[in-house]
Amino acid sequence: MKIGIDIGGSHVAAGLINQTGTIICKSEKNISNKLNEEDFSKDLIKTIIEQIEIVLEKSKQDITSVNLIGIAVPGMVSETSIIKAENLHIKNLPIAKEINKFFNIPIKLRNDAKCAALAEKEYGSLKKAKDAMFLTIGTGIGGAVFLNGELLVPKKYEGFEIGHMTIERNGLECNCGRRGCFEKYASMTTLKEKIAQKLGKKEITGEELKDILENIEDAEIDNIVDVYIENLALGIASLINIFEPEVISIGGSFAHYEKTLLNKLNSRLKKEELFNKNNMPKIVLAKLKNDAGIIGSVLN
């Protein structure tokens, strides 16, 4: 048995996974990313331990039956630490060491987009593709690339920080400190913030966004969505030109908006000036949805 942990921008999910990649039992808890770095790090570790204990209790398993804990992290990691997770405001957190104080078994860390990509390649939307790309679009934007069936992985860090490529020179300041980053214009967080601002609200939920997008009556909101899709298509078109994928799979919270956002994205991409006009990849949504990060965190 293995335990997969998926750290999101506002939640921690844990799942007990068998040898066929099936989640036997799952638990999830929201976390506040508004705490300072030290308090958030402590809360994160505490929440992970709690979720592990919950899935073990629910499944009536003992930790001795688990041979690996995999952790999907929204940021840059080493073998034992979270080096930098911009959207969580975490730097240099020795997360494996902290968890091993409670559970003394092997721990593997990997960027969350790479985890979800591996799961989709093994069991989901990218299974039949040789050259493919996975994008996770949610709190931020992450990505992974497969060429000839192999995940591209640099020697030092996992790389492919697609969300931090520049699409607007001297543009809006990103959490990473740079300006004009792709995720600052095309993450789901950005779309929610723009619409919430127009409605005079501090924030909107995913369900509220879904209802708004399915029943747009305000021309200004319609324009916000159009600009968002234009920015998303601009970034994706550049990635298509570089990697020439057969298929692009999109996960994260974007995957819950097939009728309202995916269709618009496909229409907009047809208008982009691609270098190879004959190589428009198929754009699909992640099949494993929110389970992809959990499952992929324990894959090789």
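Reader: In which sense does helix 5 pass helix 7, left-handed or right-handed?

Author: The model is predicted. A crossing is right-handed if the near helix is turned clockwise from the far one by less than a right angle. Here helix 5 passes helix 7 in a right-handed crossing.

Reader: At what angle do helix 5 and helix 7 pack, and how far apart are their axes?

Author: Angles run from 0 to 180 degrees between N-to-C directions. Helix 5, residues 188–199, packs on helix 7 at about 165°. The two axes are 10 Å apart. Angles over 145 degrees count as roughly antiparallel, and that makes helix 5 roughly antiparallel to helix 7.

Reader: Which residues of helix 5 and helix 7 meet?

Author: From helix 5 come M188, L191, K194, I195, K198 and L199. From helix 7 come E220, I221, I224, V225 and Y228. By class, the contact of helix 5 with helix 7 has eight nonpolar, no polar and three charged residues.

Reader: Why do residues three or four places apart point the same way?

Author: An α-helix has 3.6 residues a turn, so residues at that spacing point the same way. Look at the contact list with that in mind.

Reader: Which residues of helix 5 are buried, and what covers them?

Author: Buried means under 20% relative accessible area. In helix 5 the buried residues are M188, T190, L191, I195 and A196. The cover includes strand 9 (132–137), helix 4 (182–186), helix 6 (206–214), helix 7 and helix 8.

Reader: Which residues have a positive phi although they are not glycine?

Author: N92 is one of them, with a phi of about 50°. N148 also has a positive phi of about 50° without being a glycine. Their places in the chain come next. N92 is in strand 7, residues 90–93. N148 is in the loop between strand 10 (141–147) and strand 11 (150–151).

Reader: Are N92 and N148 buried or exposed?

Author: The cut-off for exposed is over 50%. At 59% relative accessibility, N92 counts as exposed. N148, also at 59%, counts as exposed.

Reader: What does N148 touch, not counting residues up to four places away in sequence?

Author: N148 touches K130 and D131. The C-alpha atoms of N148 and D131 are separated by 5.4 Å, though the two are 17 residues apart along the chain.

Reader: Back to helix 7. At what angle do helix 7 and helix 8 cross?

Author: Helix 7 (residues 219–243) and helix 8 (residues 258–269) cross at roughly 60°. Their axes come within 9 Å. That makes helix 7 oblique to helix 8. Helix 7 passes helix 8 in a right-handed crossing.

Reader: Which residues make the contact of helix 7 with helix 8?

Author: Helix 7 gives D222, V225, D226, I229, E230, L232, A233, I236 and A237. Helix 8 gives L261, K264, L265, R268 and L269. This contact divides into nine nonpolar, no polar and five charged residues.

Reader: Is N231 buried or exposed?

Author: N231 is in helix 7. At 17% relative accessibility, N231 counts as buried. Beyond neighbours within four places in sequence, N231 is in contact with I167, F182, Y185 and A186.

Reader: How many residues of helix 3 are buried?

Author: Ten of the twelve residues of helix 3 are buried, so helix 3 is largely enclosed by the rest of the structure. Among them are D112, K114, E120 and K121. Helix 3, residues 112–123, reaches 16 Å from its first C-alpha to its last, close to the 16 Å expected at 1.5 Å a residue.

Conventions:
Residues numbered from 1 in each chain as written. Predicted model: local features only at pLDDT ≥ 70, side-chain atom pairs only at ≥ 80, totals over all residues. Heavy atoms only, no water. Helix = DSSP H or I, 4+ residues; strand = E, 2+ residues; numbered from the N terminus. Parallel < 35°, antiparallel > 145°, perpendicular 65-115°, else oblique. Contact = heavy atoms within 4.5 Å. Nonpolar A, V, L, I, M, F, W, Y, C, P; charged D, E, K, R; others polar. Buried < 20%, exposed > 50% of the residue type's maximum accessible area, 1.4 Å probe, protein only. Expected span 1.5 Å × (residues − 1).
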